[in-house]
Amino acid sequence: MIEEKTALIAMSGGVDSSVAAYLMLKDGYKCMGTTMRLYCSDDAETKVSNTCCSLEDIQDAMEVAFSLDMPYKLLDFTLDFEEKIIKKFVQIYEAGGTPNPCIDCNRYMKFRKLLDFAHENHLKYMVTGHYARIEKNESTGRYELKKALDPSKDQSYVLYTMSQAELEHTKFPLGEMTKDDTRKLAEEQGLVTARKHDSQDICFVPDGDYVRFMEEYRGKPYKEGDFLDQDGNLLGKHRGAVRYTIGQRKGLGLAMGKPVYVFDKDMEKNTVSVGDEELLFSRELIAFDMNWISIPDLQESIHVKAKTRYRQVEQPCVVMPLEDGKVKIIFDEPQRGIAPGQAVVIYDGDVVVGGGTILSK
C-alpha cells in the first residue's frame, strides 16, 4: 500500500528542484530524490553551464539530496531518450518543422518514466520544480493545469501533454512562488544551487549548433540548395534547408538591400523561401496530436486564447474540431512566425484547456 505523504523528487541539479525538495520535506513528506541521466557524449566530462542533465548537475543534485538527508538514486534513461527525443528532434527538422524537445522530454521521460519509478517504489507523488499549478475542479471532477502565479516564470506551456493520471500524482510546490522567493529560500537553507544559473540550451546540443549535432548523428552533411523569393525566383545558395527556421532574418548571407525573412521551406526540393516580414503572418493553423486537460474532448467550437511560442502572450481565437482529432485554430488577429512542429497551447483564463503540435498554417 502506498502511503499518502510520499514523493519522488525529480532533481535537475538546479535551484528550483532543490527548493521543491526542501518544501516537500518541510511539509512532512517522506521523499526520495532522483536525477535522470539522459545523454552521454564525448564531452561528458566537460563542465557545461547552460544545459540541464550535465555531470555538474548530477553532482549538485546529489549534494542537495545529501544536505537534506534524503535518499537519492541516479536513473539511466539514455537509450529511451535517444529513441523518444533525439531521433524525433532530428526527424522533425529534416521534415521542415521546428521541434520542441523539452516538451517531449516532459511527456515521454519525466512524467511517464519517473511516475512509473515512483509507483514501483511505493511513492504516491512525483514532484518537479516547474512553475505551474495543479488543482482539481470539483464541478467537473477533472484535474486542471493552471498558470503559475508569477507570469514571468509560468511554464504551463511545456506541460500541456500531461494526462489526468499524471496530474493526479504530480505536485508543483513552486507554483505560487516567484523566482526571487525561490532563490532566497535556497540561500536561507544553504543549498549549493542557490545562485546557479538556469539552464537554457538543449542538453544534447550544449553549444547551440544543432545542425552540427544532426550531421554527426546522421553521419552526413546537409547539401546546399536554393534561396527563392515569393514568386519562386532564384536569389542565391543556402547551406542546407535544415539550418533555417521560420521567421529567421540573420545569418542568411543574402544582400537584398532590405531585411528579408524565411517564410517557407520545401524539404523535398531543399529550397528556402524568403521575403518581406508580412509573409510571416497568418491567422490560421491546423494542429494534431491534441491532448485535452480541462475537457475530455472537443465536440464543438470554443472561443478561447492560444499561443504558439513559449514566451508569447496568449491571443484570442476560435478552436474548431476537425476529423481524426485535429483542430483548426483561427486567431482574431494575424500571428507572426507560426512554425510547424512547435506546440500550440490553448487557455481559458489561467487554465490550460489543452494543446497539440502545429501541422500547418
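What you're looking at is a predicted model, in which local features need pLDDT of at least 70, side-chain atom pairs count only at pLDDT 80 or more, and totals for chains, interfaces and linings use all residues. Residues are numbered from 1 along each chain as its sequence is written, and side-chain values use heavy atoms, with hydrogens and water left out.

Let's begin with confidence. pLDDT is the predictor's confidence in each residue, from 0 to 100. The protein chain averages 93, and 96% of the residues score at least 70. Residues 42-49 are another matter: pLDDT stays under 50 there, and the model has seven contacts for them beyond four places in sequence (a contact means heavy atoms within 4.5 Å). Where pLDDT is low, the predicted coordinates should not be read in detail.

Now find helix α1, residues 15-26. Helices (H or I, at least four residues) and strands (E, at least two) are DSSP runs, numbered from the N terminus. The expected span of a helix is 1.5 Å times one less than its number of residues. For the twelve residues of α1 that gives 16 Å, and the end C-alpha atoms are 16 Å apart, so the two agree.

How enclosed is α1 by the rest of the structure? Largely, because ten of its twelve residues are buried. Buried means under 20% relative accessible area, exposed over 50%, and partly exposed in between, using a 1.4 Å probe and protein chains only. Among the buried ones are Val15, Tyr22, Leu23 and Met24. The buried residues of α1 pack against β1 (3-10), β2 (30-37), α2 (55-67), β4 (123-127), β7 (170-171) and α7 (179-188). After the helix comes Gly28, with a positive phi near 90°.

Hop over to α7, whose buried residues pack against α1. Lys179, Thr182, Arg183, Leu185 and Ala186 are buried in α7. They cover an arc of only 160° around the axis, so they sit on the same side of α7; the arc is that of the directions from the helix axis to the C-beta atoms. Just after α7, Gly190 has a positive phi of about 70°.

Asn270 has a phi near 60° and lies in the loop between β10 (261-266) and β11 (271-275). Asn270 is buried, with a relative accessible area of 18%. Asp289, with a phi of about 50°, is found in strand β12, residues 281-292. Asp289 is partly exposed, at a relative accessible area of 30%.
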